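User: I would like to go through this model term by term, asking each time what value stands behind the word.

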Amino acid sequence: MLNSIKPKGKTIFLYLLVPVAMFVFTVFVPLVTALVYSFFEWKGGPQKTFTGLQNYMTLFADKTFWEAFGHNIYLVIACIIGQIGIAFILVIMVNSKLVKLKGMHRTFGFFPSTISAVCIGLIWNMIYHNQYGIINWFLKTIGRPDLCKVWLNETDKVMLLVSIPLIWQFIGYYMVIMLSAIASIDGEVFESAEIDGANGMQKAWYITLPLIKNTMLVCITLCIAGNMKAFDNIFVMTKGGPGTASMVMAMYGYQISFNQSNMGYGSCISVGIFVLSLLVIGGSQSLIKYLTREKEA
């Protein structure tokens with residue numbers, strides 16, 4: 001095979017051989033293995049019983065799984081609005097001529113995304129703690145101890161509470177991506193808009209946003225992909241509780257696979273997560289492109 005490739009092509013092939021082999025070994029092989037195991041009843045031992053599509057039939061009727069899928073969609077929507085929306089606003093503010101020490105703002109904004117997700121979960125777990133958490137301390141300080149709660153036990157609020165750490169952690173990450181995109185825009189475009197009397201909001205909405213729409217699409221794709229497999233923060237903070245009020249798909253797959261030792265059905269859940277993630281990402285991209293074409297038309 002190598003003899004039929006030109007010398008330059010051989011060099012490129014050899015350079016790509018190791019990373020492609022690593023990708024296949026770490027991503028493709030586990031995915032295919034999970035797909036194979038999903039057709040078996042397997043408790044983790046040497047014995048496997050082929051059950052065909054039984055695991056998938058069970059998955060389609062599994063209310064807990066679909067509830068977890070709904071929680072993932074909640075995270076996706078909350079984080080697109082919170083992470084990307086707030087990041088865009090902060091980028092516009094940082095790029096303003098009135099703001100000094102821009103490098104410092106970028107560094108401190110990006111810092112939370114460098115912290116381990118487990119550490120983020122522990123930090124916010126302490127913030128929400130009913131005895132020594134800062135929220136209940138503040139409520140007591142202002143004379144409203146009646147409002148103190150065991151926050152992560154609030155079934156109707158727990159998804160919002162676990163979304164906030166995710167939003168806080170990755171705002172700076174998307175800021176850096178957007179800042180790199182805005183840096184490629186010719187400054188004369190903004191100067192011309194200022195001469196025509198455009199204010200900051202108009203420049204952001206009618207100039208900056210359309211010119212970085214492809215970067216925004218990348219940010220949205222990354223946000224969806226990240227939140228469809230959310231696990232670390234929620235595992236540390238709530239472990240899916242109270243009950244299943246904050247259960248997400250990856251958490252459910254973990255519990256089925258390791259707590260219940262049902263590796264076959266856990267593999268089926270993993271395949272379900274993969275397929276649903278692709279559908280949500282593909283659907284969101286198609287919707288955004290459709291809305292963009294409608295706006296341009």
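User: Which hand does the crossing of α7 and α10 have, left or right?

Analyst: The model is a predicted one, in which local features need pLDDT of at least 70 and side-chain atom pairs count only at pLDDT 80 or more, while totals for chains, interfaces and linings use all residues. Residues are numbered from 1 along each chain as its sequence is written, and side-chain values use heavy atoms, with hydrogens and water left out. The crossing of α7 and α10 is right-handed, a word used when the near helix is turned clockwise from the far one by less than a right angle, anticlockwise being left-handed.

User: What makes α7 roughly antiparallel to α10?

Analyst: The two helices pack with their axes 10 Å apart and at an angle of about 155°. Because that value falls in the antiparallel class (over 145 degrees, on a scale from 0 to 180 between N-to-C directions), α7 counts as roughly antiparallel to α10.

User: Which residues of α7 and α10 meet?

Analyst: From α7 come Leu 166, Tyr 173, Tyr 174, Ile 177, Met 178 and Ala 181, and they meet Thr 215, Met 216, Cys 219, Leu 222, Cys 223 and Asn 227 of α10, a contact being heavy atoms within 4.5 Å. This contact has 10 nonpolar, 2 polar and no charged residues, where Ala, Val, Leu, Ile, Met, Phe, Trp, Tyr, Cys and Pro are nonpolar, Asp, Glu, Lys and Arg charged, and the others, Gly among them, polar.

User: How do you know what lines the largest pocket, and which residues lie nearest its centre?

Analyst: A pocket is an open set of points on a 1 Å grid, where a 1.4 Å probe fits, with protein on both sides within 12 Å along at least five of seven lines, and a lining residue has an atom within 4 Å of a point. By that rule 29 residues line the largest pocket, with Trp 205, Leu 209, Lys 213, Met 216 and Ile 220 nearest its centre. Elements giving two or more residues to this lining are α3 (63-94), α9 (200-211), α10 (213-228) and α13 (263-296), and α13 gives the most, with 9 residues. The largest pocket holds about 1100 Å³ of space, and its lining divides into 18 nonpolar, 6 polar and 5 charged residues.

User: What volume does the second largest pocket have, and which residues are closest to its centre?

Analyst: The volume of the second largest pocket is about 580 Å³. Of its 24 lining residues, Leu 31, Ala 34, Ser 270, Val 271 and Ile 273 are the closest to the centre. Here too α13 supplies the largest share, 8 residues, and the classes are 16 nonpolar, 7 polar and 1 charged.

User: What stands out about the backbone of Lys 239?

Analyst: Lys 239 has a positive phi of about 55° although it is not a glycine, and it lies in the loop between α11 and α12. In the loop between those helices is also Pro 242, whose peptide bond from Gly 241 is cis, with omega near -5°. Most residues other than glycine have a negative phi, and most peptide bonds are trans.

Conventions. Grid points are joined across faces, edges and corners, and a volume is the space filled by probe spheres set on the points. Helices (H or I, at least four residues) and strands (E, at least two) are DSSP runs, numbered from the N terminus. Angles under 35 degrees count as roughly parallel, over 145 as roughly antiparallel, 65 to 115 as roughly perpendicular and the rest as oblique.
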